[in-house]
Amino acid sequence: MALSAFDLYSVGIGPSSSHTVGPMRAAKTFVDGLTEAGQLDRVCRVRSQLFGSLGATGHGHGSDKAVVLGLQAEVPETVDTATSDTRVADARERHTLMLAGTHRIDWDPDDDLIMHRRKSLPAHPNGMQFEAYDADGVLLASHVYYSVGGGFVVDEAATGADRVVLDDTRIELPFLTGAEMLAVCEREQCSVSELMLRNELSWRSADEVRSGMLHLWSVMRDCVQAGIAHQGTLPGGLKVPRRAPELHRELTKGALRDDPLRVMDWVNLYALAVNEENASGGRIVTAPTNGAAGIIPAVLHYYVNFVPGADDDGVVRFLLAAAAIGILFKENASISGAEVGCQGEVGSACAMAAGGLAEVMGGTPTQVENAAEIGIEHNLGLTCDPVGGLVQIPCIERNAIASVKAINAARLAVNGSGVHTVSLDKAIKTMRDTGHDMSVKYKETARGGLAVNVIEC
């Protein structure tokens, strides 16, 4: 079993990898199965049910819209974000779906798309069930899926789901823990990014890895520019104003141009721009989730714009090293806010960005591991309590804070010996245990924390 860096990073749409990207992929997988089984033409009704966190906060996260688009054969990587809302509204108004993009069926959004706010499926908080019926009401197919974080989707056979990887590719230098990663680097006398590159060659050529990573970087850059350009308020009842455009004006033409802490403000800008785009359903890179999608782009922008000697090779090395850290979280704990709280999303992304930055700042593998450990250690216990079920408050600012924290973690590690008392493995285990003990009301259900103490108005 193996994870590629391109599993952790994928191009998709906001606002949530587990609540938007995952349900869209699951719905598309279901209709693909109907097509492959030769049943599509017999289908007259499809019923979709969302459970647990998906049912509790799915409306605010766009889960219902994602299911509709997925049933119509759209995928997160290519769906037209400019027309998607209109297409979903048309389906609701006309009470019809173009199943798999080719087969028209009657569809009642009230009866055929059910959001269960208080019911859950057994294997994971983000559960979905899809059912297809023929003209006589006979059940043709039924399937359960779980959206386990970062856009990953597994079926009901993958109980316990978040650590299950369905790829059995044999990689050159396997590792499952931070200790194993460091041991491999020591044995092979290689950096963390070199280790990851050698494993990536099991799937694609070195040129393909490089071009794929630089494509992800280009999407991140485009997302920041879009966030700077788009003004107004974010969708949803909170009426949160976009802050990135004004902050950009202050940094380029206003009082912040000469502020001694302007570098920090630039980092804040990069993160705010990405997460405001994410909150509005824009095109982003899942890294490793949508709710935490601003951290790696923000720290990468910091590297490119403020670290001497930065270049495209460094960008590739940054993303590869960060992915190695992300794999450790995915394999040994969780990157799902619905499973372990926001420590699994923002905390994991902070650790990944810290490790990636330490790598391109010349850090040794031990210093990279140390940077990642600092990044997660100071996010332990972070709850997922989005106000109104929207990925806006506290999510957007939280990305900016964690981006600055990741830079500080990398600098602490690279300017130190790398020797530290708490290992990354111990910190990841602590995150997993903390998430297990955390009350469900703090796990993306909007039933605790800020979600109940801040009045929506």
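A salt bridge is taken here as a side-chain nitrogen of Lys or Arg within 4 Å of a carboxyl oxygen of Asp or Glu, and by this rule the count for the structure comes to 18. The model is a predicted one, in which local features need pLDDT of at least 70 and side-chain atom pairs count only at pLDDT 80 or more, while totals for chains, interfaces and linings use all residues. Residues are numbered from 1 along each chain as its sequence is written, and side-chain values use heavy atoms, with hydrogens and water left out.

**Stop 1: the two domains**

Colour residues 17-158 as domain 1 and residues 178-442 as domain 2; these bounds come from an automatic or database domain assignment. The centres of domain 1 and domain 2, taken over C-alpha atoms, are 30 Å apart.

Next select residues 4-157, which an unreviewed UniProt entry annotates as "domain: Serine dehydratase beta chain"; such annotations, given in the numbering used here and with shortened feature names, may be inferred rather than shown by experiment. This span is 38% helix and 27% strand, and its end C-alpha atoms lie 22 Å apart. Helices (H or I, at least four residues) and strands (E, at least two) are DSSP runs numbered from the N terminus.

Then select residues 188-451, for which the unreviewed entry gives "domain: Serine dehydratase-like alpha subunit". Here the span is 61% helix and 2% strand, with 48 Å between the end C-alpha atoms.

**Stop 2: where the domains meet**

With contact meaning heavy atoms within 4.5 Å, 18 residues of domain 1 touch 17 residues of domain 2. Together the two domains bury about 1,200 Å², of which 54% is on carbon and sulfur atoms; buried area is the accessible area (1.4 Å probe) that two parts lose on being put together, summed over both. On the domain 1 side, show S17, H61 and T81, which lose the most area to domain 2 and together make up 30% of what that side buries.

Which kinds of polar pairing cross this interface? The rule finds zero salt bridges between domain 1 and domain 2, but it finds five residue pairs in polar contact, both residues being at pLDDT 80 or more. A polar contact is a pair of N or O atoms within 3.5 Å; within protein, one must be able to donate a hydrogen and the other to accept it, and residues adjacent in sequence count only if both atoms are side-chain atoms.

Now select α2 (17-36) and α3 (52-61), each of which supplies at least two residues of the domain 1 side; α3 gives the most, with four residues.

**Stop 3: backbone details**

Most residues other than glycine have a negative phi, and most peptide bonds are trans. Another cis bond runs from A287 to P288, with omega near -5 degrees, and P288 is placed in the loop between β9 (283-286) and α12 (295-306).

**Stop 4: a salt bridge**

Finally, show R87 and E74, which form a salt bridge with their closest N and O atoms 2.2 Å apart. Because R87 lies in helix α5 and E74 in the loop between α4 and α5, the pair ties together parts that are 13 residues apart in sequence.
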